[in-house]
Amino acid sequence: MKAMAESLWIVDCVGGASQEVNGGPFLIGSSPACDLRVAGGSTGLGTARIQKRGDRYVIEDAQSAGTVILDGQKVAAEALDGAGEHSLVVDGHPFALLVAGVNGRQWLGGVNPKEWWIYRQEEQAWDGPVQPWEVSMIIGGTTGIITMCSGMSAMGFYAEHIVGKLGDVGAGDGPPPLKPDDVVTEPEVSEIDTEYGEFTCPVCWLKFDRGDLMNIAVHASLRGDPVLGEEHMQRFLASRFNDRGQAIDAMGVAAPENACPHCRRKLPQGFIDEPHYIFSIVGAPTSGKSYYLSVLIKMMQNRLFQDFNVRFRDSSPSENAVLNDMKRHLFGSSSPQDAYLAKTDLEGALYERLPRQGRQVMLPKPFVFRVSDDDRPENGFSLVFYDNAGEHFEPGRNSADSPGAQHIAVASGVIFLFDPLFNSEFRDRLAGVEDPQLKKQQADQQDVILSEAEVRIKELLGMASHEKISTPISVIVGKSDAWKHLLGDEPLEEVVVDGGDTKALDSDALNRNSLRIRKLLVEVCPAIVSNVEAISNEVRFFAVSSLGHAPVQFVDPDGAERIGPDPTRLKPERVEDPILWMLSKLTPETIPSKT
C-alpha cells in the first residue's frame, strides 16, 4: 500500500480557521475539550476524532452520534488511503481535509470559505462563485446538490448536510443573490450539432466536437444519470482537472472515462487520441454474420502479427465480452451442440437501449479492437465492428425508432456477406454437393437488401441517386467450401506475399481473384453485382469460408433440429482477405500493397 504523507491539514469552511495534525489524537466538536471547536452545532452533539494509525489517518465518530460525515457518507470509523483531499462534516459544520506533506501549507492558503460553488447534478452545471449565505437561497429545499468552497479541487459537500451552517454566514455583507441569467453553467447537450464535428460516436454515429465530450462520474454518491437511469453513473461536462489532466467529478474523484454527449454511452479507451474506422457487416438473416465475425477476430489476431508485425488486440475485454464468448464457443468446443451460435436477435445481448435524437432506441453494441505498430506507434488506430440482426437491413426497418443499421452511412468500409446457398440459381449449380444447408428452402432477397443499403446510405449522406460513394465495399461470397469448384480447376491466387521486411498485399493478385468471382456472379446472379456497383466506386469480390467445411445437423437439448459447425474440422479460408484489402486503402502504412 502506498505510504501516507506525514500531515493532515484542516480548514474550517465556515470560520476559516486552519490546523495541521501530526499524528493525533485530534478532536473536532463543540466540547471545550476539542482541539478545534465547532460553535453552535446543529444538534449540540458529535465529535470527530482524528488519529494516525500506522501509515493512515483514521476518522472516527467519537460519540457514535451519527453526525460525522466523510466524503458525503456517514461513518463510524474510516481510514484515509493515500494523499488527497476529503470533505468532513461534524454536526453540520463543514471542514476541508488534505493529507499531504509540506505543500499542505500552500493548499491552506488557497481555500477561501467566503466563496462557494454549487453543482446541480440534474443539469450537470456549476453555479458560482457565490457567498456562503447565498447557497441556501439558490438551492432552496432541493437535495442532492453538491457544493464546495473555492480552493477545494476534489471532494465537495452535499448541500443539505451543511446549508444550515452557511445560511447565516456573511448575510447582508455582499450583493444580492445571483439571478438565473448570472449563473455560470455548462452548455446544454441538446444544443450540440449532430451532423458536424471532429468525432463520430461509434455507438449512435452522431458527430460532436472535443469540447462536447462528457466524462463518467466515479464516486458512489454520483450514481443515477438523469438520462440513462438510476443504475448508471452520472455523465458530466468536466470543468476541473487533476495534475495528470484527468477530469474530476463533483465529489473530487478522478473520472478518466469518456462518454458520447448524444447517447451517453461509454466511449472506447483512447477514443480522442487515434482514428476509429467503422467496418459495417451487412447481410440477410442467417447468412452467417456472427460466425464470420467470430472467426475474423481470431484470424486477424494471428495474421496481422505473423505477416505484418502489427498487433490486433482487444480494446476493451469487458465491452467485447459477447463477441469473445462467441469466439470461445466456436474455437473452444468439442461438439457441434457447443459450437453452435444462436441467431442474432433484434433486441438480444448484442443490443442496448440508449437515447438518440430525443428518443430511446435499440442500438447494436460496438466491438472495438486496437491496431498498433511498435515501430510506428503514431500510426495506431481502432476498428469498430457490429453484429447486426439481418432484419435490420430489410426494407421498412430503418425508422427513427429502429436505426440499428445506420452505421453503414458513416462506415470506413462495408462488408456485404452474400450467402450463395440462398440463391436458387446458385443452388441449381451445386447438384451433388453434400451440405445440409442446401436442403433448407429460404426466400432470397439479398439483392433487395443491397438496394435498401444504397437508399439508406444516399439518404443519410444527402446524395443524389446517381452518385456513388468512395467507401470500399467488400462483397464476400460465403461458404466457398461448397461452391469454389465453380471457378474452375485453377485455385485462387494467394494475396499476401513477401514485401521486404514484412509481407505485403499483392493488389494485382487480389484484383484477378475479384474479377474471376465477379464473372461467376454476373453469370449466376447479376443483380448482386449490378446493385453493389451502383453504390461505390471501390468494390472487390472475395470467396470466403468461415468454417472451411460443410456444417452438420444435430438436435439441441430442447429437441429442435439445428445446423452448426463441427469444431474439430474448423479450417477457415481467406476470412481476412476482405479486411486486409480495405485496410490497405485506409492505412497503407500498416498494410502495404505490392503491385
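The model is predicted, and local features are reported only at pLDDT of at least 70, side-chain atom pairs only at pLDDT 80 or more, while totals for chains, interfaces and linings use all residues. Residues are numbered from 1 along each chain as its sequence is written, and side-chain values use heavy atoms, with hydrogens and water left out.

The chain contains 12 helices and 36 strands; helices (H or I, at least four residues) and strands (E, at least two) are DSSP runs numbered from the N terminus. Of the 595 residues in the chain, 54% are buried. A residue is termed buried under 20% relative accessible area, exposed over 50%, and partly exposed in between (1.4 Å probe, protein chains only). The chain exposes about 25,900 Å², of which carbon and sulfur atoms supply 47%; accessible areas were computed by the Shrake-Rupley method with a 1.4 Å probe, and for residues only the protein chains shown count as cover. Among contacts (heavy atoms within 4.5 Å) with a separation of 6 or more, 66% are between residues 24 or more positions apart.

Aromatic pairs were assigned to rings of Phe, Tyr and Trp (its six-membered ring) with centres within 6.5 Å; planes under 30 degrees apart count as stacked, over 60 as edge-to-face and the rest as tilted. The count by this rule is 12 aromatic pairs. One of them is the stacked pair of F312 and F369, with 5.2 Å from centre to centre and 10 degrees between the planes. This pair links distant parts of the chain, since F312 belongs to strand β24 (residues 311-314) and F369 to strand β27 (residues 367-372), 57 residues apart. F312 and F369 are both buried. In the pair of F542 and W581, the ring centres are 6.1 Å apart and the planes lie at 50 degrees, so this pair is classed as tilted.

The charged end of K298 sits over the ring of F331, at 5.6 Å from the ring centre.

Salt bridges, defined by a side-chain nitrogen of Lys or Arg within 4 Å of a carboxyl oxygen of Asp or Glu, number 25. R210 and E198 form one of them through their side chains (3.0 Å, N to O). The residues of this pair come from distant parts of the chain, with R210 in the loop between β17 (207-208) and β18 (214-216) and E198 in the loop between α3 (159-166) and β16 (199-200), 12 residues apart. R210 is partly exposed at 43% relative accessibility, and E198 is partly exposed at 47%. A salt bridge also connects the side chains of E257 and K266 (3.1 Å, N to O). E257 has a relative accessible area of 36% and is therefore partly exposed; K266, at 24%, is likewise partly exposed.

In the salt bridge of R311 with D374, the closest N and O atoms are 2.5 Å apart. The two residues link distant parts of the chain: R311 is in strand β24 and D374 in the loop between β27 and β28 (381-385), 63 residues apart. R311 is partly exposed at 35% relative accessibility, whereas D374, at 52%, is exposed. Salt bridges with shared partners join R303, D307, K503 and E576 into one network.

Q406 lies in the loop between β28 and β29 (413-418). Its relative accessibility is 13%, so Q406 counts as buried. The Q406 side chain makes a polar contact with the side chain of R356 (3.2 Å). A polar contact is a pair of N or O atoms within 3.5 Å; within protein, one must be able to donate a hydrogen and the other to accept it, and residues adjacent in sequence count only if both atoms are side-chain atoms.

R49 is located in strand β5 (residues 47-53) and is partly exposed, with a relative accessible area of 28%. R49 and F26 are 23 residues apart in sequence, with 5.6 Å between their C-alpha atoms. Apart from neighbours within four places in sequence, R49 is in contact with P25, F26, L27, V58, I59, E60 and A62.

Note on methods:
A charge sits over a ring if NZ of Lys or CZ of Arg is within 6 Å of the ring centre and within 35 degrees of the ring normal.
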